[in-house]
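Here's a quick briefing to go with the model. Have a look at the fold first, then read on.

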Amino acid sequence: MEKQTLSFQAEVKQILHLVTHSLYSNKEIFLRELISNASDACDKLRFEALNNPSLFEDQPNLDVRVAFDADAKTITITDNGIGLSAEEAVANLGTIAKSGTREFMAALEGDQKKDAQLIGQFGVGFYSGFIVADKITVESRRAGLPHDQGMRWSSEGTGDFEIEPITRDARGTSVTLHLRDGEEEYLSHWKLKSIIGKYSDHISLPILMRKEEWDAEAKKQVKRDEWLPINKAAALWTRNKNEITQEQYEEFYKQLSYDTEAPLAYTHNRVEGRSEYTQLLYIPSKAPFDLWNRDKRGGVKLYVKRVFIMDDAEALMPVYLRFVKGVIDSSDLPLNVSRELLQESRDVKAIREGSTKRVLGMLESLADSEDEAERAKYAAFWKDFGVVLKEGVGEDFANQERLVKLFRFASTHADEGVSLADYVKRMKEGQDAIYVVTADSLAAAKNGPQLEIFRKKGIEVLLLTDRVDEWMLSHVHEFDGKPLQSVAKGAVDLGKLQDEEEKKQAEQAAEAFKPVLERLKETLKDRAKDVRVTTRLVDSPACLVVEEGDISGHLARMLKQAGQSAPASQPILEVNAEHALVKRLDGSAHFDDLANILFDQALLAEGGQLEDPAAYVKRVNAMLMA
């Protein structure tokens, strides 16, 4: 290899521009990112050395060293980890293969453009060095390569970078930051040590700095050749809970997740029994940008006997808990475990089940707490993560009952926060079912004509407006022995809540209206499966419902929007025989037009779309002019 100048990938150029011109709040995170990268490099060496111990060469002890030169205005972070070959340097430092780059740039260009914390969230942490440096030099040699196959990479963070061969005796990588004017505050032992203590104290490797002593003759601090550890060098999750402060737990979470806010809750446990493992799991306080991506791997890191194995070990947590962040350290899994083995391992299954129960336990503690502030935390959690949690009822049958108790809904009695247990407590005497309605929005659900009889009698109805709710109802059929009944499916039967006089009047109305019904059925035979008189309507002339077992119009619309075909089925038109508009049908010269108008209005009221809006307008105009 000869010295050569190469251009950055287009995305890198954009990121470097944003880093150098926009990220000027909390600049100190550059040190966190570079130490984190150095720690990862040591983890990778340890992992590769499982099958090839010679990679350790003559340096079996791994560490990270931080040094500064006040005269040269440089900071250097050195590790003796896996190192980089020239090809890897070009691939890893000149291009970005990670997904999320576009989202990162959009976030920086938006309201959060001053927030340097974002940089680590998208796998571009190395470039944070350019927040404080106008030039970065990287010298490295990959473990196992000859000494004369080292490489030097350098860039001023503009359009290109240089790479050249060097001889390097030491395995690993040194990253040297040439600080910009005005960033001299970081050329201080105390400053660097305090940043490392704040962000990187949990790193399981020793982070070393040269010892400084006061030289009375020179009247200044002088660095000695002795290197001393400045962190505890013990992974946070391996320490006793009593030794860890809440602030340390929160800082570890922020470093782990690249979140800027403290977690909503966390749990730290040592589990012993059939499987032995340590779990440190966090629930974020806000939803991440990629929450809705079900293909995204989980947020749990897997360690085996404190050796890092993999990021985002999705087999350790069910998909519906993909927002959970944390670390699981197993004592039983083999060090060479693969993603395929994770899917089949009995030990992994036990870890997954135990960790799932811990997370649900955290949520239950918040939801059922007598402390109003804790319940408010759960309400905030549900607002951001409730839709994802609902996915669990179809994926995790073992915990379905626990999940359903955690669900919260809006209802005709409250705009949010209603649990099924709350609903059951408020059920009227003689009420046998939990009534629900699904709709595209809260306003559509509240104002649906199917609710009129329930509102008149003061019967609470749960308003389900999330896209996942129809799917959820196919898995949750009852709660506390009470069936969940959609008010838009089947004939309305209020049982003991409807007195005999009301039933008698309904039967008489249906009998008297029979000739009109037969004609309605004939007119609408291509649009409605049936037409019948209903008691569910009070103020509206008509509404659409479906038979039990048929898919609702709401679900059919969602399937169509998703490009999927819905099973063919027609709705039932229910009419209010006491309504003046319906009474006009009898003997009307515009019977067919009025019948179709009633059907179209019922379709619009439930959120549906007309197949022929022009025909509807024409019929309405004709009736207005009649």
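Among contacts in the chain between residues at least 6 apart in sequence, what percentage join residues at least 24 apart? The figure is 71%, with contact meaning heavy atoms within 4.5 Å. Bear in mind that this is a predicted model, where local features need pLDDT of at least 70, side-chain atom pairs count only at pLDDT 80 or more, and totals for chains, interfaces and linings use all residues. Residues are numbered from 1 along each chain as its sequence is written, and side-chain values use heavy atoms, leaving out hydrogens and water.

**Whole chain**
- You'll find 21 helices and 22 strands here (DSSP runs numbered from the N terminus: H or I of at least four residues for helices, E of at least two for strands).
- Of the 626 residues, 50% count as buried, that is, under 20% relative accessible area with a 1.4 Å probe, protein chains only.

**The open sheet**
- Nine strands line up as β1-β6-β5-β4-β7-β3-β2-β8-β9, with mixed pairing (two strands pair if DSSP finds at least two bridges between them).
- β1 (4-7) and β9 (220-229) sit at the edges with a single partner strand each, so one side of each has no neighbour in the sheet.
- β4 (residues 133-141) and β7 (residues 172-179) run antiparallel over 8 bridges, and isoleucine 136 has leucine 177 in β7 as its bridge partner.

**Around threonine 356**
- Threonine 356 belongs to helix α8 (residues 346-367) and is buried, at 3% relative accessible area.
- Leaving aside residues up to four places away in sequence, threonine 356 touches Met317, Pro318, Tyr320, Leu321, Asp396 and Asn399.
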